[in-house]
Amino acid sequence: MSIPDNELSDEQSRQVAETIREEIARRRMSRQTLAEQAKLSLSTLEKALGGRRPFTLATIVRLEQALGMSLRKPAGTPAAPQAPSGGIAPDSLGSYSRRAVEWIEGTYVTLRPSFGDREAIYAYRTDIVWDDAASSLVFREGARLDAAFTQFGEVAVPNQSGFVYLVTNRHGQHRLITVSRPTITGEMYGIITTLLAGRGSLLTPIAAPIALLPLRNVDEPSFGRLGADDRHYASYREHLRKTVEEPFALFAQGVP
């Protein structure tokens with residue numbers, strides 16, 4: 001069977017996929033970020049990396065521009081051997097093994113105060129999973145009312161501080177969530193540091209308490225901007241109060 005001129009052979013596609021996986025692991029880049037920078041759909045990238053469809057020349061050119069490197073090797077050039085990661089995260093994320101952090105993997109109901117309504121609570125979903133390509137935990141948010149601001153990124157779990165960091169880095173713009181290690185029932189409490197979107201292009205740095213509750217601990221969870229009439233409002237609010245009252249996090253008062 002002939003191969004279309006604009007498609008790579010199976011062997012070429014396999015070599016390109018290996019190179020891309022190495023690069024995104026080395027750069028600690030998510031597949032979603034690469035897809036966005038290459039102006040490709042995540043589905044297209046996932047299928048090509050998984051061998052479910054061949055790479056086309058047009059796709060390769062976009063990926064090369066996004067990565068700033070050549071992905072095509074001269075015919076007959078053997079693929080470079082991959083150094084096994086051993087399932088160890090990069091030093092910048094804490095050098096943890098998957099086995100050491102598998103108890104953090106899961107889906108969480110994420111709570112913080114609403115930035116637009118002082119009495120309301122904003123609730124959404126956060127998935128934390130192990131990514132073989134990145135050799136680390138990664139997270140992705142879902143069920144957000146403001147879907148355009150959905151975040152994803154890497155998870156750092158350093159031994160020194162005893163905290164878990166959910167780090168978003170998109171084109172140099174950062175958002176950081178710092179939470180405690182899970183309690184005996186799996187909850188994590190801490191602080192979110194992000195930007196508040198105002199009128200027009202106005203952005204203002206803002207910090208607030210945050211709580212991540214294992215989804216299995218919440219019966220039919222509510223998501224969105226929740227008021228006192230929601231059946232989970234009281235328990236959600238208690239979790240946010242616990243963040244400050246335990247205290248899992250401190251908020252300095254006043255200006256020196």
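**Close-ups of a predicted model**

At 3% relative accessibility, V157 counts as buried (buried means under 20% relative accessible area, exposed over 50%, partly exposed in between, with a 1.4 Å probe and protein chains only). This is a predicted model, with local features needing pLDDT of at least 70 and side-chain atom pairs counted only at pLDDT 80 or more, while totals for chains, interfaces and linings use all residues. Residues are numbered from 1 along each chain as its sequence is written, and side-chain values use heavy atoms, with hydrogens and water left out.

**View 1. V157 and its surroundings.** V157 sits in the loop between β4 and β5; strands here are DSSP runs of E with at least two residues, helices are runs of H or I with at least four, and both are numbered from the N terminus. Which residues is V157 in contact with, leaving aside neighbours within four places in sequence? They are L93, G94, Y96, V101, I104, L137, F163, V164 and R181, where contact means heavy atoms within 4.5 Å. Take V101 from that list: V157 and V101 are 56 residues apart in sequence, yet 8.0 Å apart in space, C-alpha to C-alpha.

**View 2. Strand β4 and its partners.** Five of the five residues of β4 (residues 152–156) are buried, so the strand is largely enclosed by the rest of the structure. β4 runs antiparallel to β3 (residues 136–142), joined by three bridges, and F139 stands opposite G153 in β4. Three bridges also join β4 to β5 (residues 163–170), again antiparallel; strands pair if DSSP finds at least two bridges between them. V155 has L166 in β5 as its bridge partner. The hairpin of β4 and β5 has six residues between the strands, and G162 takes a positive phi there, near 75 degrees.

View 3. The 17 residues of α1 (residues 10–26) should span 24 Å at 1.5 Å a residue, and the end C-alpha atoms are 24 Å apart, which agrees; the expected span is 1.5 Å times one less than the number of residues. Buried residues of α1 are S13, Q15, V16, A17, E18, T19, I20, E23 and I24. These buried residues pack against α2 (31–37), α3 (42–49) and α4 (57–67). After α1 comes R28, with a positive phi near 55 degrees.

**View 4. Zooming back out.** The protein's secondary structure comes to six helices and nine strands. Of its 256 residues, 40% count as buried. Among contacts with a separation of 6 or more, 50% come from residues 24 or more positions apart.
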